Structures are given as C-alpha cells and as structure tokens.
Amino acid sequence: MPKIAVTSEGPTLQDAVDPRFGRAGGFIVVDTDTMATSYVDNGASQVMAQGAGIQAAENIVNAGAEILLTGFVGPKAFAALQAAGVKVGQNLENLSVGEAIERFKAGSVSFADAPNRESHS
Amino acid sequence: MIVAVASGKGGTGKTTVSASLAATWERPLVAVDLDVEEPNLHLFLKPSLVSIETVNLEVPVLDAERCNLCRACTELCQFKALAIFGKTLMVMPEMCHGCGGCFEVCPTGALKPGSRELGVMEIGHSRGSIPCLTGRLRIGESMSPPLMRQIRHRMAEMATDMGADVIIDAPPGVSCPAMNAVQDSDVILLVTEPTPFGFHDFQLAWEAFTPLKKPMGVVINRAGLGDDRAYAFCKAKGLPILAEIPYRREIAEHYAKGGLLAELDNKMRWTFARLQEGLDRLHKEVIHA
C-alpha cells in the first residue's frame, strides 16, 4: 500500500484537514501498511510570495507520498502532482485527518483528473 | 533631478500633485506614470499619444529533448518558475521574473528564450513640450516590477537625451511596485492626508523608504481634516512639509473635471511654485552634504 499525504492544520490525526494545498500548515504522511504517521511542516511554503503550490508538491513528493488528500488544488500544483504521478483526492475539507484516511481506506475517495481551483494570477 | 511622488495610502493625491508639479515645472521635464496597474496621470496632463509599444519579458521555453534533468535551473530559480516532477521539467513562464539565470546555468542548452507580454509603454506629449511616459500592465499579468523596470530604463534615456528633470507618479503601497518606483529618485515627495488611515500608511511609507537614504519632503493634502498627528510626526522625524492643500469643495470639483490644481487660483499656483522650490532645496542640500 502506498504512502498518503494529507494536508493538515496540525500534527495529529485528530487535527482538521487543511482545505488549502499550497499554503497548508503541514502534511501528515501515513504509511498505510503500518499506519505509522509522520508530520511534514509546510511553513516555508506558507510565506512564499508565489509558487507555494509547486513548493508544497515538491515537499510531498520528497516525503515519498503517492496519494494526496486535501481540500483544493490549483492548476499549477495539480499539473506538478500529475507529472510526479501523485493521485489527488480533493474536496475533503471539514473532516479530521483521521476521518479522511478512513474514507480513503474504505474506498470512497475518488481521484480527480482536474484541479478544482482557478489560478491566482 | 528625479522626484518620485509616493504615498503609502492610495487616493491621498499623488496624481493631483504630480500633474500640477509637471504642468508648472520651470525646467525641461519628463512626466512618468509608474502606477502601471492603474495609470491615471494622463487624465490630467492629457498628452497627445505619439506611440504605443508592447513590452515583453524574456522567459524560458523548454526543449525537452535536450533537458537531462540536472536541476541546475530549478535550484537557481527563486520564483518556482521551473520545477522537476518525475521525469519532467515543468516551466511556468507566468511565474518568471526574467532574471535570465536559467539560460546561463543550463549545461545542455535546453532552455531557449521566449517571451511573455507584460503590457505597453505609451509615449505622448502634454502641453506641447512635456514628454509623458506611461506604463500600462496587461490585464491578467500579476507582476508589475518587470514592466516598471523597462519604463524606468526608457525614462532614464529620455531624461539624459533632453537634459530633463523627471516627475514620477508612483503606485500606492509600500511593497515591490512602490519600492521599484522610488528607486531611481533623488527626492521622494510623500503625499499624505491627516486622517487615521492616511497617517497610518504615511508612517509605513516613511519606514519603508527611510533605508534608501533619500531626502524626503511632505505634502499634506486635505489639510484641515482629521488631526495633528501627521504634523507632529513630520516634526519629530525632521521631515519638511513643503506644501499644504486645503480641504475645500472647489478643489474636489476642479479635480473631478480633470482640472490641474495649480491652475485653480493664484494661491494654488503659488503653492506649487513653493513646492518646486522646496524640492530643489532638498536636492541641493544632499548634493552639498
């Protein structure tokens, strides 16, 4: 089973899914075999003037994640994630990170073939 | 002498002051509108248009067959205009600031110069003799400094050719566009109004421009409104108040018709003559210091 990255407002499974991808507080990376979690801080992307989505995509690819669960992804970040072969599950805001993972494991997350946010520029 | 008219808060009277200063300037002058996101100096100087030139920025275009994914360009780029994902170098030309560094570091010649349209440069003449240079950002373009840099380059050429002074109508705020607009100036003229918002942003502007170590003078617009904090601040920081424009209905009516404030009455004409003297004095003090 692959590693999943979930945008998160904090470091635990009880924290809420951060609806933003590029400027998410951080990512909880879950190994679905062992359910071991680690937290990747995304603070450096939050303060970038531009390119936060690209930076965030690099961060989760470097963390070895093949699946992303989040709220909204913009077009540039989406293209980057597609090029990296990362599957994107969107519209998962209003859940806790743990709930989003359960929903994925139950097979009820569909993967997007297009971004669900317009470009900022 | 290059004078940049700046403010912090928008709507304090930068363009009103720039236009009247330009129209009454006693030496050869180039009037420049660097508020490229919404240029409006032409509404008052009413130049007859001589030319419109498209301004482009050199941005990278990828020849994917030559790219060996070495990451030299992605490590150099500070703006995420280049990124590698999997086996793909992604080029996002709309994020590029045009530094040209990626062309230099690419060892295989995989990046070729392409271009992104930034906007236009309009050149006209006002009142027979004043060249007016206006930058106008393309709708959808998110960065104004690259266009401003090219307008400033032309501004310097024109001023040198003519032996002219320059008045720059700067954009509001204290972020990159505002800093970019005041960079070449010899004197910064801060236009403020004695309202709470005006005073707040006036302080920010002073704080942002102080490290540039350029002489600054102040115009208080809508004088009589609000309170005395702007005056106290100027006194405390040693900022000379070079002009006050009273808060009067006739001034607003004259402005709304596109009139030049310096031409409203003798008092205003005198105010702007004194303002020019004050700017000359600030400039000379620096040269002699």
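Two strands are said to pair when DSSP finds at least two bridges between them. Keep that rule in mind as we walk through this structure, which is a predicted model.

Let's start in chain A. Strand 1, covering residues 3–8, and strand 4, covering residues 67–69, are joined by three bridges and run in the parallel sense. Because two bridges are enough for a pair, these two strands of chain A count as partners with their three. To find one of the meeting points, look for I4(A): its bridge partner in strand 4 of chain A is I67(A).

Now widen the view. In chain A, five strands make up an open sheet, arranged in the order 3-2-1-4-5 with mixed pairing. At the edges sit strand 3 (36–41) and strand 5 (87–89) of chain A, each of which pairs on one side only. Ignoring direction, neighbouring strands in this sheet are turned against each other by 25° on average.

A helix also packs on the sheet: helix 4 of chain A, made of residues 97–105. This helix touches strand 1, strand 2 (26–31), strand 4 and strand 5 of chain A. Compare directions and you will find that helix 4 makes about 145° with strand 1 of chain A.

Next, turn to chain B. Its secondary structure includes 10 helices and 11 strands, and its C-alpha trace spans about 70 × 40 × 40 Å along the principal axes. Of the 289 residues in chain B, 45% are buried. How far apart in sequence are the residues that touch in chain B? Taking contacts between residues at least 6 apart in sequence, 73% join residues at least 24 apart.

Technical notes:
Residues numbered from 1 in each chain as written. Chains lettered and ligands numbered in written order. Predicted model: local features only at pLDDT ≥ 70, side-chain atom pairs only at ≥ 80, totals over all residues. Helix = DSSP H or I, 4+ residues; strand = E, 2+ residues; numbered from the N terminus. Axes fitted to C-alpha atoms, helices over the stretch in contact; angles between N-to-C directions. Contact = placed C-beta atoms within 7 Å. Buried ≥ 20, exposed ≤ 12 C-beta atoms within 10 Å, placed from the backbone.
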